[in-house]
Protein chains: 2
Amino acid sequence: MAEIKYEIVEHIGVLSESAKGWKKELNRISWNGNTPKYDIREWAPNHEKMGKGVTLSDDEVRVLKELLNK
Amino acid sequence: MAEIKYEIVEHIGVLSESAKGWKKELNRISWNGNTPKYDIREWAPNHEKMGKGVTLSDDEVRVLKELLNK
């Protein structure tokens, strides 16, 4: 199987937590050693498993911020 | 095959566009007729196909906004 290497470079915050202990988090993650990107994703306790999510560049986060602050 | 019904209730904005014309968008989407939720997701031109993304409740968006504005 293919492998994805990642490192959570900065844990920014938790958006919510489910009854089963999965947390939806905002982090900065380096994928395969590349420049870290923002990432909104669900995680099992202790980051043992990752769920679905989106990765956002600095530019995308800037636009998102503007849209949310309107 | 199972079917998911959705309606884009509010198109809030476009975060970015790829070379192939897919756009990463922030929308409010009603899934299966339920109360609309915020949604960050990639879409093919004319919303013909949806890509991966995350759905966010009002509460999650409130926290996200606070974290981004820090």
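Visitor: Is Asp59(A) buried, exposed or partly exposed?
Guide: Asp59(A) counts as partly exposed, at 49% relative accessibility. Keep in mind that this is a predicted model.

Visitor: Which residue does Asp59(A) form a salt bridge with?
Guide: With Arg62(A): the closest N and O atoms of the pair are 3.7 Å apart. Both residues lie in helix H1 of chain A, three residues apart, which is about one turn of the helix. Arg62(A) is partly exposed as well, with a relative accessible area of 44%.

Visitor: Which residues are linked with them in a network of salt bridges?
Guide: Glu66(A) belongs to it, so the network links Asp59(A), Arg62(A) and Glu66(A). As a general point, side chains of opposite charge can pair when their charged atoms come close.

Visitor: And over in chain B, which side chain meets Glu66(B) in a salt bridge?
Guide: That of Arg62(B), at 3.7 Å from N to O. Glu66(B) is partly exposed at 47% relative accessibility, and Arg62(B) is partly exposed at 44%.

Visitor: OK, on to the interface. How many salt bridges are there between chain A and chain B?
Guide: Two. One of the salt bridges in the model joins the side chains of Glu60(A) and Lys24(B), at 3.1 Å from N to O. Lys24(B) lies in strand S2 (residues 23–31) of chain B and Glu60(A) in helix H1 of chain A, so this pair joins two chains.

Visitor: Are those two buried or exposed?
Guide: Buried: Lys24(B) has a relative accessible area of 9%, and Glu60(A) has a relative accessibility of 9%. The cut-off for buried is under 20%.

Visitor: What about Lys24(A), where is it placed?
Guide: Lys24(A) is in strand S2 of chain A, and it is buried with a relative accessible area of 9%. Its side chain is joined to that of Glu60(B) by a polar contact of 3.1 Å.

Visitor: Zooming out, how many residues are in contact between the two chains?
Guide: 21 residues of chain A are in contact with 21 residues of chain B. Leu15(A), Leu67(A) and Leu68(A) supply 29% of the area that chain A buries against chain B, more than any other three residues. The area buried between the chains is about 2,000 Å², and carbon and sulfur atoms give 71% of that.

Visitor: How many residue pairs are in polar contact across the interface?
Guide: Nine, counting pairs with both residues at pLDDT 80 or more. On the chain A side, strand S1 (6–17), strand S2 (23–31), strand S4 (50–56) and helix H1 (58–69) each supply at least two of the residues that touch chain B. H1(A) gives the largest share, eight residues. By type, the side of chain A that touches chain B has twelve nonpolar, five polar and four charged residues.

Visitor: Nice. In what order do the elements of chain A run?
Guide: From the N terminus on, they run β-β-β-β-α, which is one helix and four strands. Of the 70 residues of chain A, 39% count as buried. The C-alpha atoms fill a box of roughly 40 × 30 × 20 Å along the principal axes.

Visitor: Last one: which UniProt domain annotation covers part of chain A?
Guide: An unreviewed UniProt entry gives "domain: Transcriptional coactivator p15 (PC4) C-terminal" for residues 19–66 of chain A. Over that stretch the chain is 19% helix and 48% strand, and the end C-alpha atoms are 32 Å apart.

Conventions: Residues numbered from 1 in each chain as written. Chains lettered and ligands numbered in written order. Heavy atoms only, no water. UniProt positions renumbered as here; feature names shortened; annotations may be inferred. Contact = heavy atoms within 4.5 Å. Buried area = accessible area lost by both parts, 1.4 Å probe. Salt bridge = Lys/Arg side-chain N within 4 Å of Asp/Glu carboxyl O. Polar contact = N/O pair within 3.5 Å; in protein donor to acceptor, adjacent residues only side chain to side chain. Nonpolar A, V, L, I, M, F, W, Y, C, P; charged D, E, K, R; others polar. Buried < 20%, exposed > 50% of the residue type's maximum accessible area, 1.4 Å probe, protein only.
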